[in-house]
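Subject: A structure for you to explore

Hi there,

Here is the structure I promised to pass on to you. Please open it next to this email, and then read on for what turned up in it.

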Amino acid sequence: MSAVTSAATTPVRTAASRRQDPECAAEELAKALKHEELGFVLFFCSAEYPLEALGRALESAFATVKVSGCTTAGEITPQGYDRGCVVAIGFDRRYFAVDYALVEDLARFDLLRAQRLVDQLLENCRARSLASINEHSFALTLLDGLSSSEEQVLATLDAALGRIPSFGGSAGDDNRLAHTHVYAQGHFYARAAVVIMINTPLPFEVFSTHHLLPLEHKLVVTQADRESRRVLELNAMPAADAYAQMVDVPKAALGPQVFARHPVAVKLGDQHYIRSIQRVNEDVSLSFYCAVENGIVLTAMRPAPLLHDLHHMLDSLHQRLGTPSLVIGCDCFLRRLELEGLGELGQASQLFKRSRVVGFNTYGEQHHGMHVNQTFTGVAFGSLAR
């Protein structure tokens with residue numbers, strides 16, 4: 001499978017390959033994306049690939065171009081949802097100044113390091129003189145999806161970015177919850193992050209949406225291990241027992257499909273931020289994808305029609321930006337599970353295809369310094385004609 005968007009006046013090109021041989025996949029992507037003005041390549045790949053071999057193949061295929069990306073829990077290609085493939089975006093340097101930095105030591109990523117990183121990325125983009133930095137730049141973050149440092153890294157980076165918007169996704173590993181990787185400088189890294197700065201004269205909008213509505217049911221975290229994102233007790237009961245009781249599902253039936261349909265959230269101000277459950281542990285505790293700590297109140301949420309919310313979001317972006325040249329989407333893998341359970345994955349794929357969405361299914365999303373779950377988060381670029 002190879003899907004391509006390319007034209008002389010297109011500031012971004014997209015392609016996908018289902019070839020399982022790394023060299024063949026990289027060659028197929030390069031054939032679709034390479035041109036004289038190619039300035040940067042962003043990719044998302046299945047963790048089923050032999051990663052080091054894929055990394056070498058991509059570096060060889062795009063020898064003179066910077067490349068970055070991450071592993072996924074599913075891919076969004078120009079044709080919609082897929083699995084077991086690699087999807088890539090090629091940015092034309094006439095319209096995009098792009099630079100990136102690798103963060104290997106997430107635990108020691110303090111404000112000083114963040115400010116130095118941001119300043120260097122902005123300076124490198126500013127040197128291209130494409131557009132004013134503060135009004136026409138945003139940051140894309142790709143993080144190890146199994147790290148417990150995501151919240152700290154994002155909050156620190158957000159402070160350094162100031163008014164510059166940011167979004168991103170947590171790398172996945174096809175729902176195995178074992179090893180997730182980001183890619184930079186020719187290699188795949190675990191327990192790391194990549195920060196990509198993009199400056200462009202094109203109109204763009206960073207966005208986030210979810211389809212979940214609050215219920216009256218509440219659960220108080222009465223015992224938690226913050227470092228491991230594990231909740232031992234809810235309402236002074238074993239966590240899995242309390243959650244199963246609330247959603248009226250047998251404890252033995254708890255799993256990703258149930259968690260996708262019955263999420264919980266933390267309310268901050270007027271907004272609810274989803275805290276998705278990862279798994280039930282042998283000690284009846286619950287592991288989460290986001291930070292949890294003693295004393296927080298979790299609100300039960302119910303899903304509204306996901307397709308309706310997705311259609312509304314994409315339509316509103318179209319109205320504000322015109323026909324998009326590209327939408328980079330970070331879509332929580334639990335949303336994909338919900339669509340699969342409802343038999344609506346094909347309809348969502350058609351919506352993505354019409355709106356030129358390319359991206360990946362994540363283990364968590366990032367939006368303006370917040371780590372969230374079960375959202376569709378990303379950036380949309382307006383067309384040149386607007």
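Let me start with the largest pocket: by class, its lining has seven nonpolar, nine polar and one charged residues. In that count, Ala, Val, Leu, Ile, Met, Phe, Trp, Tyr, Cys and Pro are nonpolar, Asp, Glu, Lys and Arg are charged, and the others, Gly among them, are polar.

Before going further, a word on what you are looking at: this is a predicted model, in which local features need pLDDT of at least 70 and side-chain atom pairs count only at pLDDT 80 or more, while totals for chains, interfaces and linings use all residues. Residues are numbered from 1 along each chain as its sequence is written, and side-chain values use heavy atoms, with hydrogens and water left out.

**The largest pocket**

The volume of the largest pocket is about 260 Å³. Of the 17 residues that line this pocket, Ser208, His210, Gln271, His272 and Tyr273 are the closest to its centre. Two or more lining residues come from each of β14 (204-209), β15 (212-225), β19 (271-275) and β26 (370-372). With four residues, β19 gives the most to this lining.

On a 1 Å grid over the protein atoms alone, a pocket is an open set of points with protein on both sides within 12 Å along at least five of seven lines, a cavity is a set of points where a 1.4 Å probe fits but cannot get out, and lining residues have an atom within 4 Å of a point. Grid points are joined across faces, edges and corners, and a volume is the space filled by probe spheres set on the points. Helices (H or I, at least four residues) and strands (E, at least two) are DSSP runs, numbered from the N terminus.

Why does the largest pocket lie between domain 1 and domain 2? Domain 1 (12-209 + 308-381) and domain 2 (212-302) both give residues to its lining, so the pocket lies between them. The domain bounds come from an automatic or database domain assignment.

**The cavity**

A search of the whole structure finds one cavity of 30 Å³ or more. The largest cavity holds about 40 Å³ of space. Its lining is made by Thr141, Leu154, Leu157, Asp158, Leu161, Ser166, Gln366, His367, His368 and Gly369. Both α4 (150-161) and β25 (365-367) give two or more residues to that lining, and the largest share, four residues, comes from α4. By class, three of the lining residues are nonpolar, six are polar and one is charged.

**What the UniProt record says**

The unreviewed UniProt entry lists "domain: FIST" at residues 37-238. That span is 19% helix and 44% strand, and its end C-alpha atoms lie 58 Å apart. The unreviewed entry also places "domain: FIST C-domain" at residues 239-369. Over residues 239-369 the chain is 39% helix and 31% strand, with the end C-alpha atoms 28 Å apart. The positions are given in the numbering used here, the feature names are shortened, and annotations may be inferred rather than shown by experiment.

**Some buried residues**

Is Asn199 buried or exposed? Asn199, in strand β13 (residues 193-199), is buried, with a relative accessible area of 0%. (Buried means under 20% relative accessible area, exposed over 50%, and partly exposed in between, with a 1.4 Å probe and protein chains only.) The side chain of Asn199 reaches the backbone oxygen of His136 at 3.2 Å, and it makes a polar contact with the side chain of Ser137 at 2.9 Å. A polar contact is a pair of N or O atoms within 3.5 Å; within protein, one must be able to donate a hydrogen and the other to accept it, and residues adjacent in sequence count only if both atoms are side-chain atoms.

Val357 lies in strand β24 (residues 357-362) and is also buried, at 0%. Val357 and Ile76 are 281 residues apart in sequence, yet 7.2 Å apart in space, C-alpha to C-alpha.

**Two backbone angles**

Most residues other than glycine have a negative phi. Gln185, in the loop between β11 (182-184) and β12 (187-189), has a positive phi of about 55° although it is not a glycine. Arg356, in the loop between α9 (345-354) and β24, has a positive phi near 60°. Arg356 is partly exposed, with a relative accessible area of 41%.

Happy exploring!
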